[in-house]
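I hope they are handy to have beside the viewer.

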Amino acid sequence: MYRTDRIAIPPRIDGFPDDSCWRSLPLAGNFTQFEPQPGLPSSQKTEVRIGYDNTAIYIFAMMYEPSRDSVTGILTRRDDEADFADFIAIGFDTYLDGQNAFTFILTAAGVQSDLKFMSSGDDPSWDAVWESKVAISDTGWSAEFKIPFSALRFSPEKNQKWGMNMLRNIRRIREYSTWNRVDPTSDEVVSQFGILENISDITPPLRLSFYPYASAYLKNDAGINTFSFNAGADVKYGISESFTLDATLIPDFGQVRSDDVVLNLSPFEVYYEEQRQFFTEGTELYSKGDIFYSRRIAGTPALYYDADDLAATGEIITANPVSSQLYNATKISGRTKNKTGIGALNATTAPAYAEAMDTLTGSQRKFPTQPLANYNICVLDQSLRYNSYISFINTNVMRSGGFTDANVTGTEFRILNEANSWSVDGTGAVSSVYNSGSVTNGQFYSFTVAKVKGNFTAEAEYSLTDDKYDPNDLGYLDYNNETFLRTYMRYGIYKPFWVILKTNTALAANYTRLYEPSVPTGLYFNINNFTTFANYLSAGFWFNFSPVKSPDFYEPRVPGRFYMQPEWYNFSGYISSDYSKPLAVDVNLGYGNNNDMPRQQYRSYSLGPIVRIGTKALLSYDFSRTVTSSGAGYAALAGDSVIFGKRNISTMVNTISGSYIFAADMSASVRCRHYWSSADYYEYFNLEENGSLAPVNFDGNADISFTAFNIDFVFTWQFAPGSEMSLVWKNSILDESEIIPPSFKENIDLTFGLPKTNSLSLKMLYYLDYNSLVKRK
């Protein structure tokens, strides 16, 4: 427990302990190792003092070292991997619920990072505006923080009691130590925080900030130049100490990183990660129930893929926007003094239109591919004792013009025992899709019982998804119509022995059935191991196998039809060297096989060297190659016949990334990715009713070659706290063809001869804090 105190005169944030306030505050020390020797005292002394006033909480930390040269301070971009340098981190569980925490990280090079810990994982996309400085001396390094209360959320109680923990990383000896001891055998992190008390009578100022932006784009698309100018704003308003309203008006997402697009031969939609900051920051409540996929908002229009079918005879499609425009979005979130989390998100998107031209008359017409749409999400999350919780969430989509509407209501809970060693978890949801006056209802639920603490952990899970459950208007589900049973066991050793620093081994068994009709669809087993050696070389392997044939009801793309999958196995392993070295390398190898005739073979390998040049530059290269020989898969529909084909699939990915850090607030990065994947069908079959394949004469061509090439260059300058200028150049080439280039060189030659899209943009974002403006005035 640490008992802080109010300070009359705030310190000057310069990294030095000269301010008088630090001398009167109590000391927090006696850090305990988390790694490599859990439970032993830290090898180096750490001293921390904490104070507060009505505006902010202040921290001074002294990290002792034998000499100045013992301090590792490598520059990185803000929020990048902090493990390259020494760092000190402090986390506040402001509601003392053992589940959620605001965490602030500062490296010895002065680089800031911040993130949120949540029951569902951590959120590194969360960004706050706070001040910090570091100083290096002959006795170690020191750090000074000023964290405004406007960056935190807490209950309106007069006397505050928070959870708190601090983590120190000593990079040269790979040691992590914490102020309050953390058990590495437990999955719970925030519940192991200590206590910060004696914060009282806080009268925080109005929390109101503006982020106006202006951006300009110069775009060249297949030789046609266009120029555009955008302006808008984000607003953050503290409704109370506990609740915050975030709103974005006419947002600009043109500078987000390009997606790593892939060739999709499966019957399922490809899941792409969210890149837009408004939908990644502060959205942890909306992950409850796993029914919200934010990329549905202003995503691909509902009829985008049907545009050709909607064109009249003699018309060609001349324009078909791949995404709809977001008009505005607003979210409110917070937690009451009774530890009830409340969240609401609302967004409105503009209609999208495709354009068609009559080839005889040249006349143009527009037709809708997406109507005016409103998206709404509401969440209630109640924290319970022993770090348990129960949540309720609802998503709703309403579209104008007779398009489909949808509603999904779900719940999620976790019940832990007092020791936080056993848990019972559950999730469930009901979906309703409204179309042309009719409604289709579906359901999903899952239950898990688990031992979650100790060297030995285990769990058993059962889930059911019926054949009508569909959350995909505002969620993501690759397929429904399945029941799933899984058992899992893991044993881990977290104290060093022999040449091993830590290791864990896991076994799992999985059994699946189709929900309707109820037939077995799979039985497969997994074993894996992950080990870190004393020299910080990491290695691991996965071995998966299925000893029985199983029907695949999804690959045929026709309801009721199935393909009988043969028995199979696959193996993969990796080696990863110490990332703190100037040169690090990742190597992965994989192999798989099945009992089909001829046997399908799967081979994969990848190589990823990482080179650190001095303390400011980083260069990495990732190469991967995957080859599947003689695999059977869907090719086409021919009337009532489902055509399969034997095919050779080859995928090659080359990615080069580099960054240069001019200072803690200025950096440049570049990422270049070339992706080439092809499927060469050499023999065709008719899928029989019993799931077998019979040779057939098929005069179609299912061959496909897909190429994607992207360059993303980003220069960023944080010229003031929360304010940023960014210059971005993006280059994109996409190509899909039935003709497969015979070699990698010919694919490269073909790629660079294709039309390309270039975009150069400059964006200025300025942070305006209401209290700073009033004080300045």
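1. Ile250 sits in the loop that runs from strand E17 (243-249) to helix H2 (277-280); helices (H or I, at least four residues) and strands (E, at least two) are DSSP runs, numbered from the N terminus. Its phi is near 50°, a positive value in a residue other than glycine. With 44% relative accessibility, Ile250 counts as partly exposed; buried means under 20% relative accessible area, exposed over 50%, and partly exposed in between (1.4 Å probe, protein chains only).

2. Before going further, a word on what you are looking at. This is a predicted model, in which local features need pLDDT of at least 70 and side-chain atom pairs count only at pLDDT 80 or more, while totals for chains, interfaces and linings use all residues. Residues are numbered from 1 along each chain as its sequence is written, and side-chain values use heavy atoms, with hydrogens and water left out.

3. Asn198 also has a positive phi, near 80°, and is a residue other than glycine. Asn198 lies within strand E14 and is partly exposed, at a relative accessible area of 23%. As background, most residues other than glycine have a negative phi, and most peptide bonds are trans.

4. The bond from Glu35 to Pro36 is cis, with omega near 15°, and Pro36 belongs to the loop between strand E3 (32-35) and E4. Glu516 and Pro517 are likewise joined by a cis peptide bond, with omega about -5°; Pro517 is in the loop between strand E30 (500-514) and strand E31 (520-533).

5. Now for the overall picture. The protein chain has five helices and 45 strands. Its radius of gyration is 28 Å, close to the 28 Å that the globule rule gives for 777 residues, so the chain is as compact as a globular protein of that length; the radius is taken over C-alpha atoms, and the rule is 2.2 Å times the number of residues to the power 0.38. Along the principal axes, the C-alpha trace spans about 85 × 65 × 55 Å.

6. How much of the chain is buried? Buried residues make up 49% of the 777. Among contacts (heavy atoms within 4.5 Å) between residues at least 6 apart in sequence, 61% join residues at least 24 apart.

7. The largest nonpolar core has 45 residues, and those with the most contacts inside it are Ile57, Phe92, Phe104, Phe145, Ile147, Trp162 and Met164. Such a core is a set of buried Ala, Val, Leu, Ile, Met, Phe, Trp, Tyr and Cys residues joined through side-chain atoms within 4.5 Å. Elements that give two or more residues to this core include helix H1 (20-23), strand E5 (56-64), strand E11 (140-148) and strand E12 (159-170). E5 gives the most, with eight residues.

8. Leaving aside neighbours within four places in sequence, Phe145 is in contact with Ile13, Ile57, Tyr58, Ile59, Ile88, Phe104, Leu106, Trp130 and Glu131. Apart from this core lies another, of 23 residues, among them Phe292, Ile377, Ile393 and Leu474.

9. Ile393 is placed in strand E24 (residues 389-399) and, at 3% relative accessibility, counts as buried. Beyond four places in sequence, the contacts of Ile393 include Tyr286, Ile291, Ile377, Val379 and Val408. Ile393 and Ile342 are 51 residues apart in sequence and 9.9 Å apart in space, C-alpha to C-alpha.

10. Leu345, in strand E20 (residues 340-349), is buried at 1% relative accessibility. Setting aside neighbours within four places, the contacts of Leu345 are Tyr286, Ile297, Thr330, Lys331, Tyr375, Asn376 and Ile377. The C-alpha atoms of Leu345 and Phe34, 311 residues apart along the chain, are separated by 38 Å.

11. Is Asp18 buried or exposed? At 58% relative accessibility, Asp18 counts as exposed. Asp18 is found in the loop between strand E2 (5-6) and H1. Between the C-alpha atoms of Asp18 and Phe685, 667 residues apart along the chain, the separation is 80 Å.
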